[in-house]
Amino acid sequence: MNDKQLPLWAGQKEGRFFTRIEVTTMLNGALLTLPLHVVTGRNPGPTLGIITNVHGDEFLPTTAIRRLLSEIDTAKLKGRLAVISVANPLATAAFGRQTPEQHGRTDLHEVFPGNPRGNTTQMIAAAITGHVLNHVDALIDFHSGGSGGRLQARVDYDAKAEPKVKQRSLELARAFGMPFVHANDLTGTASAYVNSRGIPTANPEMGGAYLGPDNTALYTGQAIAGLRGIMVAMSMLKGAMKPPAQLHFDLKARREIRPRHSGYLVSRFERPDDLGKLVKKGIKLGEVIDLYSYQVLEELTAPFDGYLFFSRYSGVVGGGTQAFALAEAATSKWLD
Ligand SMILES: [Zn+2]
């Protein structure tokens, strides 16, 4: 990988530009390519990289960014946006989270910076690294709930980044304006690689797929507002940006509640405004029903007083699936 190569947008003047980055030849004879959208502003400024659909079934951010790119007035934009709209086309084509290939690691979110001589997932990562990650001044690695009906409203940043980069990443995360910011372990992600180059990043995890028209519109609006907030914080757009009060929590404060059994989860917290609620220890979050015997297989309860930051619609779940997640009230901190 040559990090001295010029980006594909080198010399591009104000306007919009779309191209496809070649990765490899697939067995059906077609080229595997990655879509790159570039919007260049009239005035100079930073380059903000955005990647979406790193997990193939997380398309809420992808469609939100389509709208954002069409709405941006390049005359008012300083710098540019460089967007990979579908980072893992093979996973997306399979309606799944990971690359459907036979060997090696298949979660694109774990293999950065990739390897042009590795498996297909690593080749995809290497192409994104060489063409985008090595040329940005900040990166948004945008995730959402996938086909499993998850509800989320938080922005993660890498807890392992070196302190200065971590602080700048936290500022980006806060500028997105979600109710939760989470110091997470992002080992192997695009963010961890970009952080290692001294560049700040933020990983929004918001909304989900198939949430119905009202919630999809709500989260789409929040995704666009969040990205605009980050662009204001980076002085790419004019405007005022004051993050709301946000709950900050680290990995120690995070507890996932996973069913031991597969079945139909009846969720008691399946609305966007359920996120952020303080749930007392012992409160029932949901129950898992056996579709065969109609028996209740288990009840899922809150292990401590905590703020609900991840929830799930009612629906089928596999044993061990992340169903709910709480940030422990005693060790999380409100930022204002
Ligand atoms: Zn994801």
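**A walk from Ser-235 to the zinc site**

Ser-235 is partly exposed, with a relative accessible area of 49%. Keep in mind as we go that this is a predicted model. You will find Ser-235 in the loop between α6 (213-233) and β9 (246-249), and its phi is positive, about 60°, although the residue is not a glycine.

Asn-53 also has a positive phi without being a glycine, here of about 55°. Asn-53 sits in the loop between β3 and α1, and it counts as buried because its relative accessibility is 2%, below the 20% cut-off.

The zinc ion takes its protein donors from His-55 (ND1), Glu-58 (two OE entries) and His-143 (ND1), at 2.0 to 2.3 Å. Along the sequence, these donor residues follow the spacing H-x2-E-x84-H. Glu-58 is buried at 1% relative accessibility, and His-143 is buried with a relative accessible area of 1%.

What is the geometry of the zinc site? The site is irregular, with angles of 57 to 144° among the four donor atoms. For four tetrahedral donors, the ideal angle is 109.5 degrees.

Two other spots deserve a look. The peptide bond from Phe-112 to Pro-113 is cis, with omega near 10°, and Pro-113 lies in the loop between α2 (89-93) and α3 (120-131). Tyr-292 belongs to the loop between β13 (284-289) and β14 (296-301) and is exposed, at 77% relative accessibility.

Definitions and conventions. Residues are numbered from 1 along each chain as its sequence is written. This is a predicted model: local features need pLDDT of at least 70, side-chain atom pairs count only at pLDDT 80 or more; totals for chains, interfaces and linings use all residues. Side-chain values use heavy atoms; hydrogens and water are left out. Helices (H or I, at least four residues) and strands (E, at least two) are DSSP runs, numbered from the N terminus. Buried means under 20% relative accessible area, exposed over 50%, partly exposed in between (1.4 Å probe, protein chains only). Donors are N, O and S atoms within 2.8 Å of the metal (3.2 Å for Na, K and Ca); water is not among the atoms, so sites may look incomplete. Four donors count as tetrahedral if all angles lie between 85 and 135 degrees; four count as square planar and six as octahedral if opposite donors are over 155 degrees apart and all others between 65 and 115; anything else is irregular.
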